[in-house]
Amino acid sequence: QQDVTNETDCTETTTAGRFTRSFLSYYSKTSGNNNRTTCHPWLWYALVLAAIVIVILVLVIPKPHASALTFTTLEQALAAVVNPANVTTLDFTAQNINGTIPTMALCKFTQLKVLKLGDNYIRGTIPTELSTCLPNLNELFLGQNYFIGTVPTMLGLLSNLTTLRLNGNYLSGTIPSELGNLSQLQYLSLSDNWFTGNLPSTFTALTKLQVLRLSDNSLSGTIPTSFEQMTLTLQTVSLHGNDLLVGNTSFLCSGIRSNTIVDVSSTMHNLQCDCCTILDVNTFNYY
């Protein structure tokens, strides 16, 4: 009996045969008395085309980030949290969140210890209620946003606070002396704002402070010599960009603790500091 012609022989030695026999069940037929299995060429082409399409879909289509948020405002993000009274950490850093801080929603997190909202588009003023409804806060990150107005004096009531970062906003006015009540504070960053006036003398009470960043504001006056008491713990003091500061600050880095790093800028002509570092502002990390 005559074999069927114009069909590809699907033996184990052919690529098409091995591929189709191993992975897919396909249409086949037996011809003649020799029971040879044959397959249609169009099926092989269809399989190759399907494989190419699958590879393209896998490689080209972007995959959603595992931690990506679907919220545009902080209020939406907070509303999605289950059992807010039991939450101790909220981290919404760099999530493109805008709007203002919803005080009522945030105050439901009564056990909160860490609040990270840095590097977003949050605007408005810093709520004064944070100090009363979140008394357990240890770390507060509000840097790199669009906050305006003054720093609430009530923040001085957060007695457990170890880190306060308000850098990179549009905060103005004087630095409140009440921040000197934060006896546990180790890191304070107020850089890159619009603060004016003198440095609070109450800062000398911050005996655990290790990092003090005040750069790129419009601070004026002299640095109190009582700040020398802080050099027992201070590791970094950033002052550059405050061209109105005057006096001699060498005591900060050559006093009780001689390895404190103090940075200034070359435009601070009225500030004397033989041991200070003249900083390249283009490479400075404001955090």
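1. First, some ground rules. This is a predicted model, in which local features need pLDDT of at least 70 and side-chain atom pairs count only at pLDDT 80 or more, while totals for chains, interfaces and linings use all residues. Residues are numbered from 1 along each chain as its sequence is written, and side-chain values use heavy atoms, with hydrogens and water left out.

2. The overall picture. Of the 287 residues, 40% are buried. Buried here means under 20% relative accessible area, exposed means over 50%, and partly exposed is in between (1.4 Å probe, protein chains only).

3. Surface and contacts. About 15,100 Å² of the protein is accessible surface, and 54% of that belongs to carbon and sulfur atoms. The areas come from the Shrake-Rupley method with a 1.4 Å probe, and for residues only the protein chains shown count as cover. Among contacts (heavy atoms within 4.5 Å) with a separation of 6 or more, 60% are between residues 24 or more positions apart.

4. The nine-stranded sheet. Look for an open sheet with parallel pairing, in the order E4-E6-E8-E10-E12-E14-E16-E18-E20. Strand E4 (89–91) and strand E20 (277–278) are at the edges with a single partner strand each, so one side of each has no neighbour in the sheet. Two strands count as paired if DSSP finds at least two bridges between them. As a reminder, strands of a sheet pair through backbone hydrogen bonds, either parallel or antiparallel.

5. A pair to zoom in on. Three bridges connect strand E8 (residues 139–141) with strand E10 (residues 163–165), in the parallel sense. Leu140 has Leu164 in E10 as its bridge partner.

6. The eight-stranded sheet. There is also an open sheet of eight strands, again with parallel pairing, and its order is E5-E7-E9-E11-E13-E15-E17-E19. Its edge strands, E5 (98–99) and E19 (271–272), each pair on one side only.

7. E7 runs parallel to strand E9 (residues 146–149), joined by two bridges, and Gly124 sits opposite Phe147 in E9. Two bridges also join E9 to E11, again parallel; here Ile148 has Tyr170 in E11 as its bridge partner. Further along, strand E17 (residues 244–248) is joined to E19 by two bridges and runs parallel to E19, with Asn248 opposite Gln272 in E19.

8. A nonpolar patch. Tyr121, Tyr146, Ile148, Tyr170 and Trp194 make a nonpolar surface patch of about 540 Å². Patches are made of residues with over 30% relative accessible area and no salt bridge, joining like charges within 9 Å and nonpolar side chains (Val, Leu, Ile, Met, Phe, Trp, Tyr) within 5 Å. A salt bridge is a side-chain nitrogen of Lys or Arg within 4 Å of a carboxyl oxygen of Asp or Glu. Tyr170 belongs to strand E11 (residues 170–173) and is partly exposed because its relative accessible area is 35%.

9. Which cysteines pair up? The count is two disulfides, a disulfide being a pair of cysteine sulfur atoms within 2.5 Å. Cys107 and Cys133 form one, with their sulfur atoms 2.1 Å apart; the torsion about the S-S bond is about -60 degrees, so this disulfide is left-handed. The pair links distant parts of the chain, 26 residues apart: Cys107 is in the loop between helix H4 (103–106) and strand E6 (114–116), and Cys133 is in helix H5. Cys133 is buried, as its relative accessible area is 16%.

10. The other disulfide. Cys273 and Cys276 form a disulfide with sulfur atoms 1.7 Å apart. Its S-S torsion is about 80 degrees, so it is right-handed. Cys273 is buried at 16% relative accessible area, and Cys276 is buried at 14%.

11. Last stop, Glu129. This residue is in the loop between strand E7 (121–124) and helix H5 (130–133), and a relative accessible area of 36% makes Glu129 partly exposed. Leaving aside neighbours within four places in sequence, Glu129 is in contact with Thr103, Cys107 and Leu134. Glu129 and Met154 are 25 residues apart in sequence, and their C-alpha atoms are 7.9 Å apart in space.

Note on methods:
Helix = DSSP H or I, 4+ residues; strand = E, 2+ residues; numbered from the N terminus.
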